[in-house]
Amino acid sequence: MADPRVAELCREFDIKIVGAHLYPQPGETRAVGTIRRIIDRHGVEHARLVLCILAEGRGNQALIDETSLWAISDLLRACPDLVEGKTTALLEMFDELPLGPIMAMVNELRGVVHQRHALAGMIYLYARRLRSAPMGAFKQPGQGKMRKASISEDEKRAGRQAA
């Protein structure tokens, strides 16, 4: 029996809970344990937004599985600028995002790359491009690392010259 909070959220978004032995179709899930853990860790409202994105995304045919649930949860927590006061814009962005095809590409990495992290990264990239938002400046290496690298190169040159 599913946690009543999970059952209520799924009912709210017309998501059918199927048995663990079945492969869920769009609009169905068997990841009730994952939804419960998201509720326990981040609250019902956070889980509601995650399910809303997956259940109401226009035509993306994304599966509501452990990978997609955690990836979107991670993304929402990592990028509060996507959420704060802009829920409609967030949902519109996910309508444009080809989530189903992205999930299929991520599946090609199965067994090598953690699916949750790969999916979150790909969604992040698409989200930033769709929003035309900067992806952030890359961190420059600290002086200590640069100094160490230059010493190493100098030592290599000195060694070659001596030989």
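Ser73 counts as buried because its relative accessibility is 0%, where buried means under 20% relative accessible area, exposed over 50% and partly exposed in between (1.4 Å probe, protein chains only). The model is a predicted one, in which local features need pLDDT of at least 70 and side-chain atom pairs count only at pLDDT 80 or more, while totals for chains, interfaces and linings use all residues. Residues are numbered from 1 along each chain as its sequence is written, and side-chain values use heavy atoms, with hydrogens and water left out.

Ser73 sits in helix α4, which spans residues 66–78; helices (H or I, at least four residues) and strands (E, at least two) are DSSP runs numbered from the N terminus. The side chain of Ser73 is joined to that of His46 by a polar contact of 2.7 Å. Such a contact is a pair of N or O atoms within 3.5 Å; within protein, one must be able to donate a hydrogen and the other to accept it, and residues adjacent in sequence count only if both atoms are side-chain atoms. Leaving aside residues up to four places away in sequence, Ser73 touches Ile38, His42, His46 and Val50, contact being heavy atoms within 4.5 Å.

On to the chain as a whole: 9 helices and 2 strands are present, and their order from the N terminus is α-β-β-α-α-α-α-α-α-α-α. Of the 163 residues, 36% are buried. Among contacts between residues at least 6 apart in sequence, 63% join residues at least 24 apart.

The largest pocket holds about 400 Å³ of space. A pocket is an open set of points on a 1 Å grid over the protein atoms alone, where a 1.4 Å probe fits, with protein on both sides within 12 Å along at least five of seven lines; lining residues have an atom within 4 Å of a point. Of the 20 lining residues, Tyr23, Leu63, Asp65, Met103 and Arg110 are the closest to the centre of the pocket. Helix α7 provides the largest share of the lining, 5 residues.

Technical notes:
Points joined across faces, edges and corners; volume = space filled by probe spheres on them.
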